[in-house]
Amino acid sequence: NIFQRKGSVYPFACFVAFPSAVISCMLKFAVVTWGKPYFLAVPGGIVIDSAVWSGFSFFVGFLIVFRTSEAYARFLEGCSAVYRMRAEWFDAGSALVAFCKHSKRPKSEIDKFQHTLIRLMSALHGAAYQTIEAFGDDDGDDNPLFTDCRYELIDFESLDEDAKDLANVIDTRVELVFQWIQQLLVENIDTGVLNIPPPILSRVFQELANGMLQYHEAVKIATIPFPFPYAQTCDCLLAIHWLMSPLIVCQWVTEPHWAAIFSFVQVFILWCLNCIAVEIENPFGRDANDLNMADLQEETNKQLLMLIRPVVQRTPFLQPMAQMDREPPVGLIRQYKKKVHKKHGAKVNRHMDVATSIKSVLSTRSTRSSSGEGERSPSRAIPWTGFPAGMRVHSHNSSSILSGAGSSLMDAPPDVERGASESAASSQEALRDVPSVTRPRSPRDLRSLAPQASYTPVSARS
């Protein structure tokens, strides 16, 4: 990127800084060869203290940096307005195509509405892009939008001749196409193609209006220039700095080549920052650093054509083999635990696994009771990590286990609390027949919770 010339400000900055470096080199060479001239030979030279020149250079640099920051803010605001405009209008078009699935009209009428809508939406985007670009560039395209437009439109020639003639001669093309789209919606509400409930349909009109608002925000950036007095003052101070740099640098160096280098660096940096501000203060146009509207229009057309493809209008459905349990598959639970463990640490896992561990213990007990097995299986060892702090198990009601687990999760992160709460709620059914539970004080007390399960004590709390 250092040596890229397209969109670079280096060539112009070098063109300005190189003469200053040459003058500095020649002036220092003359001083070394023939002695100092009168204005440099007087006591103290031009400046008695270098703080004067340092203060002036700092003041110029501050003004240029502030202008660059304001120019970047304008650039970001303009680009954001265009992308929000695209998002609002595409959302409206997507919703209208989806609303047609609720219609009871013949398919031919629905297809006619959708294809007309897609053509008008493409024309709306193209008109907006070209209007914004024309405001932002003095050499903008002034040709009629729909007869000789450099933006690709979706089959605008299929519309009637009166509409095309009006679009070619009118100046407010964006507002014209916007009005056509609203009229199309109102007409198809009357015919029954758009028979969606009115509160839902009104959202489409709101999104269209929001997109028009963002369009005018972009036009504001393109039409209102950076304040001229500020830009004029910056250019004047840069010119003064350019003239004074050779004279000042000659007093600080001993060799001509060092005078050229230091003078070039000072002038080059300031003029680079100033050129950056000039380049990005208006993001619309045809320059290398401007927003490429042609690519945006091409991408918009692809998105609009995707909406009317039959394969896209087909709604996916679940296969008969799909898992319909309330809990997610085991693999998803493990991924969730790993993600939370990585984010919050191993301490959080105690809060997550309280209800799930109790449920697994009780399910093991229920399975063994139903099968008639009275002996413990040493291979079914469930690790015990102790109850978390704040867990209340003094009550003889088995539901206190879940309430205690929920109270201990109040200090946990929100996503962990939500996961454990859902697990605790799912185990409410399994805990109805649990006998009274007291706080365990030894591994023997732990075995009293579920006689048919074998526990491996990890830590016991007093």
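**Reading charged pairs in a fold**

Reply: Start with the contacts. Of those in the protein with a separation of 6 or more, 78% are between residues 24 or more positions apart. Keep in mind that this is a predicted model.

Me: How many helices and strands are there in the protein?

Reply: The protein has 16 helices and 2 strands.

Me: What percentage of the residues is buried?

Reply: Of the 462 residues in the protein, 39% are buried.

Me: Which residue pairs with aspartate 235?

Reply: Arginine 67 does, with an N to O distance of 3.9 Å. The pair links distant parts of the chain. Aspartate 235 is in helix α8 (residues 228-249), arginine 67 is in helix α3 (residues 50-99), and they are 168 residues apart.

Me: Is arginine 67 buried or exposed?

Reply: Arginine 67 has a relative accessible area of 4%, so it is buried. Buried means under 20%. Aspartate 235 is partly exposed, at 36% relative accessibility.

Me: Which residues are linked in a network with Arg67?

Reply: Asp235 and Glu281 are linked with Arg67 in a network of salt bridges.

Me: Which residue forms a salt bridge with arginine 119?

Reply: Aspartate 155, with the closest N and O atoms 2.9 Å apart. Arginine 119 lies in helix α4 (residues 107-136), and aspartate 155 lies in the loop between α4 and α5 (161-169), so the pair ties together parts 36 residues apart in sequence. Arginine 119 counts as buried, because its relative accessibility is 18%. Aspartate 155 is partly exposed, at 35%.

Me: Which residue forms a salt bridge with arginine 286?

Reply: Glutamate 133, with the closest N and O atoms 3.4 Å apart. Arginine 286 lies in the loop between α9 (256-280) and α10 (293-307), while glutamate 133 lies in helix α4, so the pair ties together parts 153 residues apart in sequence. Glutamate 133 is buried, with a relative accessible area of 1%. Arginine 286 is partly exposed, at 44%.

Me: Where does aspartate 290 lie?

Reply: Aspartate 290 lies in the loop between α9 and α10. It counts as buried, because its relative accessibility is 11%.

Me: Which backbone nitrogens does the side chain of aspartate 290 reach?

Reply: One is the backbone nitrogen of arginine 286, at 3.4 Å. Another is the backbone nitrogen of aspartate 287, at 3.0 Å.

Me: What is aspartate 290 in contact with, leaving aside its neighbours within four places in sequence?

Reply: Glu279, Asn282, Pro283, Phe284 and Gly285. Also check cysteine 79: its C-alpha atom is separated from that of aspartate 290 by 9.5 Å, with the two residues 211 apart along the chain.

Key. Residues are numbered from 1 along each chain as its sequence is written. This is a predicted model: local features need pLDDT of at least 70, side-chain atom pairs count only at pLDDT 80 or more; totals for chains, interfaces and linings use all residues. Side-chain values use heavy atoms; hydrogens and water are left out. Helices (H or I, at least four residues) and strands (E, at least two) are DSSP runs, numbered from the N terminus. Buried means under 20% relative accessible area, exposed over 50%, partly exposed in between (1.4 Å probe, protein chains only). Contact means heavy atoms within 4.5 Å. A salt bridge is a side-chain nitrogen of Lys or Arg within 4 Å of a carboxyl oxygen of Asp or Glu. A polar contact is a pair of N or O atoms within 3.5 Å; within protein, one must be able to donate a hydrogen and the other to accept it, and residues adjacent in sequence count only if both atoms are side-chain atoms.
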